[in-house]
Amino acid sequence: MRVLGVDPGLTRCGVGVVEGVPGRPCTLIAYYVIYTDPADDLPLRLLHLDRSLTDLVAEHQPESVAVERVFSQHNVRTVMGTAQASGIAVLAGARAGLPVQTYTPSEVKAAVTGSGQADKAQMTAMVTRLLRLAEPPKPADAADALALAICHVWRGGTRSKLAAAADRARRGGTR
C-alpha cells in the first residue's frame, strides 16, 4: 500500500510518501515540505498548498492519504491556519478519489513509538529507524508526515476493513 501522509501547516506543510503492509517495515518513497510566505494573502497561500498537494498526489499515485487531525491549541491563529491546511489536504485526496483518514497526534505517536506521549525527538528517531534511513528527515514537519503515513499503513488498513465490514453488516441487516 502506498500512502501519502500530510502534517498540515499553513507556513510549513510536511508531506511524506511510504509503501508498506501492516506488520512489516515500510519503504520511503519521498518527503517534502511545502512552504508558503506568511506575507502573502491567505487565498494565495491556500492555492499554493492546494496546487502543490494535488501535484504530489498525481506524481506519487498513493492508494490513500493520511492527514493529522487538527486538535485544539492555545494559539487560535495557529490552529486556524492548521485547520485550513488540513482541509486542503483532505480535499486533495478526495478530489483524486482516494480514501482519506485522519489521525490524532497521540494515535500517530502510539503507532510509531509505542507511546502516545512521545516527543518530537523520539518520533524523528523512530521514523529514521523504521524507514532505515542514514539520517533523520528534516525538518520535523517531514518526519511527522512520514510518521502519519507509517501509522496509516499499520493501522489504516485494519480500520478501513472494519469500517467496510460494519457497512456491509448494516446494509445486510436492513434487508
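## D144 and K120

In this predicted model, D144 and K120 form a salt bridge through their side chains, with an N to O distance of 2.4 Å. The two residues belong to distant parts of the chain: D144 is in helix α5, K120 is in helix α4 (residues 120-130), and 24 residues separate them. D144 is buried, its relative accessible area being 11%. That value qualifies because buried means under 20% relative accessible area.

## R12 and D141

The accessibility of the partners is as follows. D141 has a relative accessible area of 12% and is buried, whereas R12, at 41%, is partly exposed.

## R95 and D50

A salt bridge also joins the side chains of R95 and D50, with N to O at 3.1 Å. Because R95 lies in helix α2 (residues 76-95) and D50 in helix α1 (residues 42-60), the pair ties together parts that are 45 residues apart in sequence. D50 counts as buried at 14% relative accessibility, while R95 is partly exposed at 46%.

## Count for the whole structure

Searching the whole structure gives 4 salt bridges. Side chains of opposite charge can pair when their charged atoms come close.

How values were computed:
Residues numbered from 1 in each chain as written. Predicted model: local features only at pLDDT ≥ 70, side-chain atom pairs only at ≥ 80, totals over all residues. Heavy atoms only, no water. Buried < 20%, exposed > 50% of the residue type's maximum accessible area, 1.4 Å probe, protein only. Helix = DSSP H or I, 4+ residues; strand = E, 2+ residues; numbered from the N terminus.
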